[in-house]
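Dear colleague,

Please find below the structure that I am handing over to you. My notes on it follow directly after.

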Amino acid sequence: MPKKIQISSFLSRKVAEANLKTVTVALLVAIILLSVVQYITLRSALMDDVAAQAEAIAEQCAAAVLFSDQNDGQQILARLSALQSMDGAAIVTPQLAPLAEYRRAAAVLIPIPTDFRISPFAQFGVLHLDLVRSIEVDQRRVGLLVLRVGLSQLYFRLIAYIGMSIAAIAGSLLIARMLGGGLKQDVLEMETHLQLLAHTDAVTGLLNRHAFSSRLQQALSTVTEQGGCVDLLLLDLDNFKLVNDTLGHHGGDHLLRLVAERLNSVLRESDIICRVGGDEFAIILETRTRKSGSERIAEKLIESLAQPFIVDNQEVYVTGSIGISCFPDGGVDRETLTRNADTAMYQAKAKGKNAFEKFHPEMNLVLQKRSNIETNLRKALEREELAVYYQPKVDLVDHKVIGFEALLRWNHPEMGMISPTDFIPIAEESGLIIPIGRWVIATACHQMAAWKAAGFEDIKVAVNLSVRQTKNITLIDDVLNSLRKSGLEPRQLELEITESMLMDDIQDNVDLLENLQAAGIFLSIDDFGTGYSSMAYLKRLPIDQLKIDRAFVKDIPGNGDDEAIVSAIVSMAHSLGIAVVAEGAETIEQINFLRSVGCDSVQGYYIAQPMPAHEVEAFLLKQRGAGKARQHDVGEVVPLRSRAH
């Protein structure tokens, strides 16, 4: 018997060892397959990152190639030194000669194409990724951008991934053998470890989205059984895309790790923090009382982000917006609690970011109101609920009305007059601004034709363009069709684009303005002074007029800074042959100051509030009479309509 038992024990041990070897081989095969997938994923991510960088650099290089400015090209490429993976780059002219080059090391070879007509391409080698992109001006190729990106970071991540996986397997198997456990225990430990890897974020080391869902459900179940409350905080980093665009993917990952460490340092050991998205973190706070400390924690989290982060020897500032929802008051289940925290977070962003908001039921009312406005707005044109109001602009020299600004109004039969600040953003986001904007332009042109027939010849009407409209390929055709149908000259219509919108996509918008100017349209930059446009851009813009933003007018005279800004804008515009109109004039003192610095025209409630079309003719007749009465007193502008705020 003892011998049989010994043989049986020996056979069992051999079978266990054989099974263990089989499992080990299977896991190694799995690691190989996962490593291949990881390699493909890393290559794809690198390709996307480099392609995005190449597009941005190619746009910056257009002027340098166009004017053969080697110094400008060299300066642009020199910025690539901040990207550790960028080994070399070159700007190539149509003659296949390098205009400018950047090499991280003297031995770096930059593959110059042999054919200028070559299509943009990307080619992976063993050690490098070579990428060629066109440098274009007005859709015409003027040069090529060649980038050589080293793959050392990619291989480092891949090796780290493989090493971590092998180490995890080896460690688990060794521990299992040391503890003398059988095959079942080995497999159980391996499954546990793999489960841990599956629930851990690879970049920050925090729990990931999968773990977040299970941990939140677990916390809700515990509180339901034992009492207390669960606070869920969703934190989204503000403007993180700008960091990625500036520092690259590697720098963005580095910053995320630093942010995770900073946030973790504020939390208690019992608190749970997860990375649930690209730049979004979730914090689960569980307490045994109904007293929530979420707002105090949210304040600490925001304060912790105030100090700069050091990324690649650069100081980087980042802020966060936090939404808070509490169980059971802020949601009865995991999905509702998460959705409500997300709603509160977007409310915090809407209020200026770098803040927190706690969910309350009224927020859902805001969302319902928004949905209701969008639903009704889709039918507003059809039901003829929209109207165009007109606010006059007055010349500061002869006091004559020289034009009007068309302002959209919505009078709903049940909700009454709906503020443009409530429905215009919704129209923009939903795309409804395209048909509505087309209708406003057509209505303004038709109304100008009616005034012209009534004897008011020299009246322009200004119509604001939205972001969506400027990107609509039918915009110019829509404008010209409206002018043709109304029988107007193109210069009678004025189109306004805000400065901030103009600077957001400068090249495309300049092309649009040039096409509109070529068609004879009068062009204005609205809200000037808020978009940080430079003198270099301003002098090449095809515009006829600047509109000084009301923010610089409301505190003059008396505010020395605003007075200096307004005076400088007027002087700068006039030096470029551009007219200036000031918005938001409320007092005679403001008007007198604007006239004293040479401002050409003004609009605001001191002159008249926006009025429906049927009141404009009477207003213009009254203005003619007031103009005759002012011939003996040209020292001030007299309000032509009683103010009604």
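**Sheet, helix contact and cysteines**

Strand β7 pairs with strand β8 (residues 280–287) in the antiparallel sense, over four bridges; two strands pair if DSSP finds at least two bridges between them. Within this pair, C274 stands opposite A282 in β8. Both strands belong to an open sheet of five strands with mixed pairing, in the order β7-β8-β6-β11-β12. Its edge strands, each pairing on one side only, are β7 (272–275) and β12 (356–358). Strands (E, at least two residues) and helices (H or I, at least four) are DSSP runs, numbered from the N terminus.

This is a predicted model, in which local features need pLDDT of at least 70 and side-chain atom pairs pLDDT 80 or more, while totals for chains, interfaces and linings use all residues. Residues are numbered from 1 along each chain as its sequence is written, and side-chain values use heavy atoms, without hydrogens and water.

Helix α9 (residues 361–380) and helix α10 (residues 420–430) have axes that come within 10 Å and cross at roughly 70°; axes are lines fitted to C-alpha atoms over the stretch in contact, with angles from 0 to 180 degrees between N-to-C directions. The two helices are therefore roughly perpendicular (65 to 115 degrees). In the contact (heavy atoms within 4.5 Å), K369, R370, I373, E374, L377 and R378 of α9 meet D422, F423, I426, A427, E429 and S430 of α10.

The count of disulfides (cysteine sulfur atoms within 2.5 Å) is zero. For C229, the nearest cysteine sulfur, that of C326, is 6.5 Å away.

Yours sincerely

Key
Parallel < 35°, antiparallel > 145°, perpendicular 65-115°, else oblique.
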